Amino acid sequence: MRLLVLAVLSVTLMVVDARFTVLKPVRSQMSLVLMQSYWIADLPQRLYQGVASQFGSRTELIAENEKLKTEALLLQGRLQKLAALTEQNVRLRELLNSSALVNEKVEVAELIGMDPNPFTHRIIINKGERDGVVLGQPVLDARGLMGQVVELMPYTSRVLLLTDTTHSIPVQVNRNGLRAIASGTGNPERLELRHVADTADIKEGDLLVSSGLGQRFPAGYPVATVKEVIHDSGQPFAIVRAVPTAALNRSRYLLLVFSDGRSPEQRAAEAAQAQEAIDHPGEAAATPATPAAATPAATPAATPAKPAAPAASSAAPSHAPASRAPATSKPPVKPAATKPPAAAPATPRERQ
Amino acid sequence: MVSHAPARNGWVVWFTFLVGLLLSVSPLPQFMEIFRPLWLALLLAFWCLALPHKIGMTTAWMLGLAEDVLYGTLLGQNALILTLITFLMMSLQQRMRMFPMWQQCLVILVVFGLAQLVQLWLSALTGNRQPTLALVLPALVSALLWPWVSYGLRGLRKRLKIN
């Protein structure tokens, strides 16, 4: 009798959980307590690492320090080049009048557990709803995309990895932009490209980057490298196997990408406001130095403002009075306001 | 006699369940994941044979819910399976007491195997189909672990006089 009641109760729960979202708060409250067990189960390894780092020998530490210093130097060098390239990229994009590539914000999260079920590839990380994580958020490691957030709990969340059998990601070949869909195979070292034509230009060693077409993953992050391409004349499509670039089963520290969730209109309005904020002190001081100084700030809102610098610097000394300002600031705003050209320039005009 | 004795050291039972929950999520090497024994089911099987007046299907159901939250499966899936296991063990209780250890292991193997088949059926319904034969491995490992779990917990129970 009790079996019957409990069985009916669990079946009802399963159906409700699968179809509706009523049980989500219950689950998240329960997870608040229960997810500690992942943390506790992980404790021995954490302790071991702590002890190992405490008693790491001096020479080892010195060697590691040296290595890190050289690496930092190398990365800084590369970063200098990157700044120049980013600026150039923004200018070229403005020439093409296309939407600007927005700098995504990232946050570091730590792996605290693997899913015990060996047939799914899911991991648990130590950032949750309270840290601003959202459902479907992309997760990276240092080498490439890892997966996306599929379940939110208050202080933890579950991430579905790229190699899970239920996961697919739109990619493109970095070399020529050929688009494809990479599906997980259940093997942590393998992705398969589905429905790639036999004659498609894809070969061993090609880097696959995310194409951003699914509106879920940001474009341009490395996903996998092609390992083998098999042309079987009996099959309608080529069999393409790739190895994920991210260390899916080894990385302990992950990056959560906070991509820009704003709509193009909002982004345009905010860009216009930022533009105005830059213009105003420029008018007050009437020096070209202010807009120029504002340009190195690499925030997404400020990047599109870069072209304003040459325009404003040429205009500001000659036209110090504020009445002339809207005319000078108008053309640079247009590319900055990413999508609707009609609405965006209107904002600064109304305000002045 | 048993009913007269005050309930003692009941917290130890819950402590073992807590340890069981920890063991069921503890990290294992990749190749050993498919052999992970059903710790909670083993503990439930022992305690519902030893303390049938205390540990029953309701306990099993609640522990199953906890496991569902931990595993991220549908709420109720593991609850149903643990309830089923407890029900079968309780209905076989009188026989299990008479059986020698190897026969007990066989019973555990069959019961857990059945439960795993229900698990397979449920997860196929929800869309994550799993390789069939590998699913029986946890039941096998659990059956092999049963003597140790059984003797260990019996010793614990005698030592602490849990009832």
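These legends describe close-up views of a predicted model.

**View 1. Chain A as a whole.**
Chain A has 352 residues, and 30% of them count as buried. Its secondary structure comes to nine helices and twelve strands. Take the contacts in chain A between residues at least 6 apart in sequence: 59% of these join residues at least 24 apart.

**View 2. The contact of chain A with chain B.**
Chain A puts 33 residues into the contact, and chain B puts in 28 residues. On the side of chain A, the elements that give two or more residues are helix 1, helix 2, helix 3 and strand 1 (105-114). Helix 1 of chain A supplies the largest share, ten residues. By type, the residues on this side of chain A divide into 17 nonpolar, eight polar and eight charged.

**View 3. Helix 3 of chain B from end to end.**
Helix 3 of chain B covers residues 57-71, which makes 15 residues. From first C-alpha to last, the helix reaches 20 Å. That is close to the 21 Å expected at 1.5 Å a residue. Just after the helix comes B:Gly72, with a positive phi of about 75°.

Helix 3 of chain B is mostly covered, with twelve of its 15 residues buried. Among them are B:Met57, B:Trp61, B:Leu63 and B:Leu65. B:Glu67 and B:Asp68 are also on the buried list.

**View 4. Helix 2 of chain A against helix 3 of chain B.**
Two packed helices are described by the angle between their axes and the distance between the axes. Here the axes come within 9 Å and cross at roughly 90°. Helix 2 of chain A and helix 3 of chain B are therefore roughly perpendicular to each other. Helix 2 of chain A brings A:Arg27, A:Met30, A:Ser31 and A:Leu34. These meet B:Ala66, B:Val69 and B:Leu70 in helix 3 of chain B. The residues of this contact divide into five nonpolar, one polar and one charged. B:Ala66, B:Val69 and B:Leu70 also belong to the buried residues of helix 3 of chain B.

Notes
Residues numbered from 1 in each chain as written. Chains lettered and ligands numbered in written order. Predicted model: local features only at pLDDT ≥ 70, side-chain atom pairs only at ≥ 80, totals over all residues. Helix = DSSP H or I, 4+ residues; strand = E, 2+ residues; numbered from the N terminus. Expected span 1.5 Å × (residues − 1). Buried ≥ 20, exposed ≤ 12 C-beta atoms within 10 Å, placed from the backbone. Axes fitted to C-alpha atoms, helices over the stretch in contact; angles between N-to-C directions. Parallel < 35°, antiparallel > 145°, perpendicular 65-115°, else oblique. Contact = placed C-beta atoms within 7 Å. Nonpolar A, V, L, I, M, F, W, Y, C, P; charged D, E, K, R; others polar.
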